[in-house]
Amino acid sequence: MDRVGGELLFARVRVDGGIKSGRDVVIAALLGADEYSFGTAALLAEGCIMVRTCHLDTCPAGIATQRPELRAKFAGTPEMLEAYLTHVAHEIRHILAGLGLRSLDDAIGRTDLLTQRTTGDARADRLDLSNLLVADGPAPRRFQKAVPMQRPTSALGDRVCLDALWPVLAGDRVELSYAIENADRTVGARLGGALAMELGTSAPPGSARLTFIGQAGQSFGAFLTNGIEFLLIGEANDYLGKGMAGGRIIVRPPDDDAGDPHLLGNTVLYGATGGELFCAGRAGERFAVRNSGASAVVEGVGEHAAEYMTGGTLVILGDVGHNLGAGMTGGEVFVYDAGIRVPAMVNAELVDAHRLSGEHQLLLEQGLRLRELVERHAAFTGSAVAQAILQDWHGALHRFWRVAPKADVARIENQHEGTLAARG
């Protein structure tokens with residue numbers, strides 16, 4: 001609970017961890033929780049057998065894997081999860097009726113309906129839980145109302161959708177410009193969702209190029225689709241490009257920037273399945289976590305980049321933080337590094353790093369693919385870093401590391417050795 005301008009404000013309390021039954025939900029509510037999350041129990045309901053190899057891409061139930069032969073084994077259905085949660089709901093209703101309560105909302109914060117159980121174990125019974133069961137004053141014990149920052153939609157996002165949707169569907173090419181501030185969250189999500197609803201995965205007949213000037217709030221460009229290009233002159237908060245399936249996001253600093261800009265927050269491209277990102281500056285931590293198809297060029301990232309990545313291509317033209325590629329099972333990451341720092345930054349459990357040197361055909365193809373992305377980055381953002389690299393491309397190419405799953409790196413090395421042996 002907080003007080004702003006003399007008015008009481010409240011936050012929703014969400015609990016998770018070990019919640020499996022209706023009884024667990026009711027106890028959480030009586031202790032003051034407004035929302036309840038199910039994790040492991042929901043996975044079990046759709047067929048998880050708790051092998052605990054989610055991070056290895058070897059899930060035998062076909063849930064936590066990108067391998068087609070394992071995904072084919074997945075037998076879960078929405079009805080299985082629905083049946084489980086319906087049973088939980090029935091149990092909640094039964095318990096609430098026994099407590100004399102009409103709804104779960106009526107149970108929130110009613111610690112007077114809880115008592116500490118005596119277990120008979122001397123050590124356990126010495127733990128005094130009475131402080132958890134005492135209400136703190138006469139104030140309301142559950143969430144009351146939202147504040148403006150918690151508004152469910154962004155006025156700017158709504159405006160963008162209204163301005164661009166119908167022209168794009170009609171086959172027009174539109175260019176629009178907007179000012180943006182950090183209170184404008186999820187700008188682009190409504191437009192992307194509306195296009196996906198109308199067209200599915202098909203490209204729209206028209207296109208839109210939208211320019212934003214300022215500081216974008218969280219989830220800028222989330223769920224973007226094909227045919228849409230966002231140019232941000234400024235900086236963005238966390239989750240830029242979250243879940244994007246197509247389109248392009250370009251981020252560059254203002255013309256009067258002092259240099260070496262940090263333009264993006266954390267968890268950029270979370271769960272992206274397609275599209276492109278070009279950023280003439282640095283990003284925060286967990287860059288491209290769970291990316292499965294997007295391509296991106298950025299000029300530095302924090303720790304845990306490419307975490308759980310399963311597809312797509314990343315080009316990092318600057319420093320990287322520790323734990324690069326943790327849980328990564330697909331895709332590739334190119335890192336520009338004049339020294340030998342990158343191998344020490346890589347999480348070596350599933351991925352490996354090698355230099356882009358040699359005459360093997362696969363290495364040459366990787367170099368061409370990398371150069372194309374760097375050239376496009378320079379063209380879209382005007383990046384001085386990219387332009388300097390391109391001016392001495394032959395020398396710069398050998399300063400790149402390619403980080404990829406070990407099986408992929410081993411395949412290239414074996415083919416390279418076979419080629420050298422054949423020549424010998």
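Which residues are linked in a network of salt bridges? In this predicted model, the network joins Arg 209, Glu 229, Arg 248, Glu 276 and Arg 376. Across the whole structure, a search finds 17 salt bridges. Side chains of opposite charge can pair when their charged atoms come close.

Several individual pairs were examined. Asp 158 forms a salt bridge with Arg 190, with the closest N and O atoms 3.1 Å apart. This pair links distant parts of the chain. Asp 158 belongs to helix α7 (residues 155-169), and Arg 190 to helix α8 (residues 189-199). The two residues are 32 residues apart. Asp 158 is partly exposed, at 22% relative accessibility. Arg 190 also counts as partly exposed, at 43%.

Arg 282 pairs with Asp 260 in a salt bridge, and here the closest N and O atoms lie 2.8 Å apart.

Arg 399 is partly exposed, with a relative accessible area of 29%. Asp 392 is partly exposed as well, at 40%.

Helix packing was examined for α1 and α4. Helix α1 (residues 22-30) packs against helix α4 (residues 78-99) at an angle of about 50°, and the axes are 8 Å apart. The two helices are therefore oblique to each other. Their crossing is right-handed. On the α1 side, the contact is made by Gly 22, Arg 23, Val 25, Val 26 and Leu 30. Helix α4 contributes Val 88, Glu 91, Ile 92, Ile 95 and Leu 99. By class, this contact has seven nonpolar, one polar and two charged residues.

Backbone geometry was considered at two loop positions. Phe 223 is not a glycine, yet has a positive phi of about 60°. Phe 223 is found in the loop between β6 (207-216) and β7 (228-236). With a relative accessible area of 43%, Phe 223 is partly exposed. Ala 306, likewise a residue other than glycine, has a positive phi near 60°. Ala 306 lies in the loop between β10 (292-298) and β11 (310-316). Its relative accessibility is 0%, so Ala 306 counts as buried.

Methods. Residues are numbered from 1 along each chain as its sequence is written. This is a predicted model: local features need pLDDT of at least 70, side-chain atom pairs count only at pLDDT 80 or more; totals for chains, interfaces and linings use all residues. Side-chain values use heavy atoms; hydrogens and water are left out. Helices (H or I, at least four residues) and strands (E, at least two) are DSSP runs, numbered from the N terminus. Buried means under 20% relative accessible area, exposed over 50%, partly exposed in between (1.4 Å probe, protein chains only). Axes are lines fitted to C-alpha atoms, for helices over the stretch in contact, and angles run from 0 to 180 degrees between N-to-C directions. Angles under 35 degrees count as roughly parallel, over 145 as roughly antiparallel, 65 to 115 as roughly perpendicular and the rest as oblique. A crossing is left-handed if the near helix is turned anticlockwise from the far one by less than a right angle, and right-handed if clockwise. Contact means heavy atoms within 4.5 Å. Ala, Val, Leu, Ile, Met, Phe, Trp, Tyr, Cys and Pro count as nonpolar, Asp, Glu, Lys and Arg as charged, and the others, Gly among them, as polar. A salt bridge is a side-chain nitrogen of Lys or Arg within 4 Å of a carboxyl oxygen of Asp or Glu.
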